[in-house]
Amino acid sequence: MADRVTRDNRMIDLKPPTPPDSASAASGRVGELLVCVMAVLVVGSTLLLSSPEFRAGHLLVASMVAAIYARRLLGPLMPGMGWTGVIFGGGLIVVHAASWLGGLLHGEGFLTAAARGLAGLLGVLGLAVFTVVMLQPRWRRFGKWTALGVLLLLLAGSFVGFFIGLDGFGTVGTHSFRFDQLRMSLIWPTRMLTAPLGQISWDHTNYAAFHFALALALVLEFLGSGGKGRGWWCLCVLLGTAVFLTASRGGWLMLAVAGPLVLAGRKPRFALQTLGLLALCIGLGYVCLKVKLKHSPPTAQVASAAMANHGSALVKRGNAGRFEIYQLVWKELESGRLCGQGLGAVGGPVGPLEHEHSVYMATLRGGGVIGLAGHLLVIGSAAWAAFGLMRRGLRWPAVLLATVLSGLLFDRSTVIGISGHYEFIAHWVAVLLPLLLAASWRERGELAGLHGGRRS
């Protein structure tokens, strides 16, 4: 009974892995939780929210249904959150209040501004409930195989689409300007998955890089924590090669941030294996490029540019106009930098680009300096909880948080309000997980002293 929490005569079974006395003691449960997290991130964002056209109504309904169960599932965990929960809730209130006030000051109607904020809060609440459900033992096996199945489908579809070419499947319509035939994207596997639901497919190589780099970081953490199996290493090879073929600087940034966390304190043999894996993936990536170029012979100039685009040109491409549009956002806020312009202004064009290309700049645009401060408080509370879990031997929540936040640093937007893209789910699941796990452990007295003492 110590692994359960009693609430209103119901038994809530949210049992995270026991703080290990050794790495092998918890490797099985850690692995189960990792793949369930992948299920939340990959399956949820692929099948539920892959396009703006399919977002608000369905997410709002699902979140309202989830809110009915919030008291039952989240209520027992609230005392265990301690000061981290207070900071998290306070930051969430600050950022929404600032964006609501900013919207009112810039012409938004009272009900419109309130509805946007409420929708975002319900979305966060719904993801919290969904995350708790997916972490329960009875869902772990389902989450594992569903996540791996979808991830392998995305990999297979992306590799096939890369070698055959986008034109081999059909027209890409109005989105053709975003495609580079020599960079891997997720368009075809997600089109096959989501077309029956009436959604458009994800169309940018950065989407592919985000998912594949995040999955690679989590699987490497699983292997570093004691997990075994050649199949996992083979999956890492596929994921690493796919990240290379996206030629996405965001994907490499995610791996650069995750790497030190994954390798810190681990055996030298694991570090050498990881470095060897990286070298193998780069080598296989160049082989794939050679095969691709041979299959569709381009001019010598195009071939040379294609090879460089995945190597030296990654640096030469610079910031792709991001720093310039960040300056435009800051200038745009001259009339209201404290509270921003409201959620209605977020996600719109900025200069030559179609949106802010940074979740933090999007928060600044919608909620101003005050809203961004609230957002950072939310992230800080999750980081503190993740740090506490690391001290008890559970590192993957910190890896997840750091990898996701770095991946959303220079790409995508609209995290605070309801979003139709992957960033809403990825951001909030990564933030909520360490808070929920730490709260569950503290309620059972296993993290006593870490958050201010044992409960009486």
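## Aromatic pairs, helices and burial in a predicted model

The structure holds nine aromatic pairs, where rings of Phe, Tyr and Trp (its six-membered ring) pair if their centres lie within 6.5 Å, with planes under 30 degrees apart counted as stacked, over 60 as edge-to-face and the rest as tilted. One of them joins W100 and F110: the ring centres are 5.6 Å apart and the planes stand at 80°, so this pair is edge-to-face. The pair links distant parts of the chain, with W100 in helix 4 (residues 78-105) and F110 in helix 5 (residues 110-134), 10 residues apart. Helices here (H or I, at least four residues) and strands (E, at least two) are DSSP runs, numbered from the N terminus. F323 and Y326 form a tilted pair, 6.0 Å centre to centre and with 50° between the planes. These two residues are three apart in helix 14 (residues 322-332), and are therefore separated by about one helical turn. Ring pairs also bring in F410, linking F323, Y326 and F410 into a cluster.

The model is predicted: local features need pLDDT of at least 70 and side-chain atom pairs count only at pLDDT 80 or more, while totals for chains, interfaces and linings use all residues. Residues are numbered from 1 along each chain as its sequence is written, and side-chain values use heavy atoms, with hydrogens and water left out.

### Overall composition

The secondary structure of the chain comes to 17 helices and two strands. Of its 456 residues, 54% count as buried, where buried means under 20% relative accessible area, exposed over 50%, and partly exposed in between (1.4 Å probe, protein chains only). Among contacts (heavy atoms within 4.5 Å) between residues at least 6 apart in sequence, 75% join residues at least 24 apart. The table gives the accessibility of selected residues.

| Residue | Relative accessible area | Class |
|---|---|---|
| W83 | 66% | exposed |
| W100 | 31% | partly exposed |
| C234 | 49% | partly exposed |
| C288 | 13% | buried |
| F323 | 43% | partly exposed |
| Y326 | 12% | buried |
| H375 | 0% | buried |
| G393 | 48% | partly exposed |

The N-terminal end of helix 10 is capped by S248, a side-chain oxygen of which lies 3.3 Å from the backbone nitrogen of G250. Just after helix 10, G265 adopts a positive phi of about 75°. The buried residues of helix 10 are G251, M254, L255, A258 and V262. Their cover includes helix 8 (205-224), helix 9 (230-246), helix 11 and helix 16 (396-407).

Helix 11 (residues 268-295) has 28 residues and reaches 40 Å from its first C-alpha to its last, close to the 40 Å expected at 1.5 Å a residue. Buried positions in helix 11 include F270, T274, L277, C281, G285, C288, L289, K292 and L293. Of these, K292 lies over the face of F162, at 5.6 Å from the ring centre; a charge sits over a ring if NZ of Lys or CZ of Arg is within 6 Å of the ring centre and within 35 degrees of the ring normal.

### H375 and its surroundings

H375 is found in helix 15 (residues 359-391) and is buried, with a relative accessible area of 0%. The H375 side chain makes a polar contact with the side chain of T363 (2.8 Å). Such a contact is a pair of N or O atoms within 3.5 Å; within protein, one must be able to donate a hydrogen and the other to accept it, and residues adjacent in sequence count only if both atoms are side-chain atoms. Not counting residues up to four places away in sequence, H375 touches V95, V359, Y360, T363, I416 and H427.

W83 lies in helix 4. The C-alpha atoms of W83 and S381 are separated by 8.5 Å, although the two residues are 298 apart along the chain. G393 is placed in the loop between helix 15 and helix 16. From C-alpha to C-alpha, G393 and S225 are 9.2 Å apart in space and 168 residues apart in sequence.

### Cysteines

A search of the whole structure finds zero disulfides, a disulfide being a pair of cysteine sulfur atoms within 2.5 Å. For C234, the closest cysteine sulfur is that of C236, at 9.2 Å, which is too far for a bond.

Methods:
Expected span 1.5 Å × (residues − 1).
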